[in-house]
Amino acid sequence: MASLDRVKVLVLGDSGCGKSSLVHLLCQNQVLGNPSWTVGCSLDVRIHDYKEGTPEEKTYYIELWDVGGSVGCVSSIKSTRAVFYNSVNGIILVHDLTNKKSSQNLYRWSLEALNKDSSPTGVIVSNGSDYDREQFAENPVPLLLIGTKFDQIPENKRSDVLNRTAFLSEDFNAEEINLDCTNPRYLAAGTSNAVKLSRFFDKVVEKRYFTRDPSQMAGFTDRKRFNFKSLHYD
């Protein structure tokens with residue numbers, strides 16, 4: 001097993017949104033009993049069967065890099081955090097479904113990771129703006145959007161929350177998964193969430209090992225600069 005090929009996936013989102021619990025669930029298939037704040041970066045590994053059930057099936061290590069901090073921190077911390085953004089093969093964007101601000105900040109997290117040499121400042125959030133989705137349509141790094149604490153949303157508000165996450169998914173050109181990190185059944189084999197997760201990891205592996213673009217073979221290091229003039233978020 002030690003000789004397995006591996007890919008690097010960043011797990012980004014605001015502090016307190018449940019990244020550590022999510023990573024533990026993904027890698028250990030267990031609920032994290034006493035989650036704590038992540039300082040710097042925490043790394044865990046998931047074993048993934050690429051194209052499972054086909055003649056091309058092969059097992060890979062998925063390295064999940066849980067990056068701590070917040071997008072509003074001082075520039076020196078952002079500069080230190082930038083070292084984790086090298087040679088990235090995929091990004092999981094995590095937000096708390098009960099906290100609109102954590103969802104809004106995903107735009108800034110994505111900017112920080114994809115433009116690792118610049119600070120994602122001056123982001124304008126407004127209704128009905130001219131946000132350009134094509135920037136992420138051209139993004140070579142596979143993205144996955146995961147909303148946590150789904151169980152804490154009142155039944156009468158779930159429709160509005162799901163509509164909001166659908167807009168996020170469209171903006172990032174990414175599939176979305178909404179779950180409760182304290183309930184492994186949300187990622188049980190055969191569920192739509194498990195299928196989306198496997199499809200995302202397959203895409204990450206393909207970008208890393210099967211792309212024809214030589215610049216992608218060692219991860220996404222030469223990033224296209226992304227810039228939002230304004231962001232729509234209701």
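View 1. Ser169 sits in helix H6; helices (H or I, at least four residues) and strands (E, at least two) are DSSP runs, numbered from the N terminus. With a relative accessible area of 11%, Ser169 is buried. Here buried means under 20% relative accessible area, exposed over 50%, and partly exposed in between (1.4 Å probe, protein chains only).

**View 2. Helix H4 beside helix H6.** The axes of H4 (residues 106-114) and H6 (residues 158-172) come within 12 Å and cross at roughly 20°. That makes H4 roughly parallel to H6. Axes are lines fitted to C-alpha atoms, for helices over the stretch in contact, with angles running from 0 to 180 degrees between N-to-C directions; angles under 35 degrees count as roughly parallel, over 145 as roughly antiparallel, 65 to 115 as roughly perpendicular and the rest as oblique. The crossing of H4 past H6 is right-handed, the near helix being turned clockwise from the far one by less than a right angle. Leu106, Tyr107 and Ser110 of H4 meet Leu168, Asp171 and Phe172 of H6. How do the residues of this contact divide? Four are nonpolar, one is polar and one is charged. For these classes, Ala, Val, Leu, Ile, Met, Phe, Trp, Tyr, Cys and Pro count as nonpolar, Asp, Glu, Lys and Arg as charged, and the others, Gly among them, as polar.

View 3. Look for Asn173 in the loop between H6 and strand E7 (175-178). Asn173 has a positive phi of about 50°, although it is not a glycine. Its relative accessibility is 48%, so Asn173 counts as partly exposed.

**View 4. Asn29, in the loop between H1 and E2.** Asn29 belongs to the loop joining helix H1 (19-28) and strand E2 (41-50). Another residue that is not a glycine, Asn29 has a positive phi of about 55°. At 58% relative accessibility, Asn29 is exposed.

**View 5. The chain around these close-ups.** The protein chain has seven helices and eight strands, and 47% of its 234 residues count as buried.

**Notes.** Residues are numbered from 1 along each chain as its sequence is written, and side-chain values use heavy atoms, leaving out hydrogens and water. In this predicted model, local features need pLDDT of at least 70 and side-chain atom pairs count only at pLDDT 80 or more, while totals for chains, interfaces and linings use all residues.

Key. Contact means heavy atoms within 4.5 Å.
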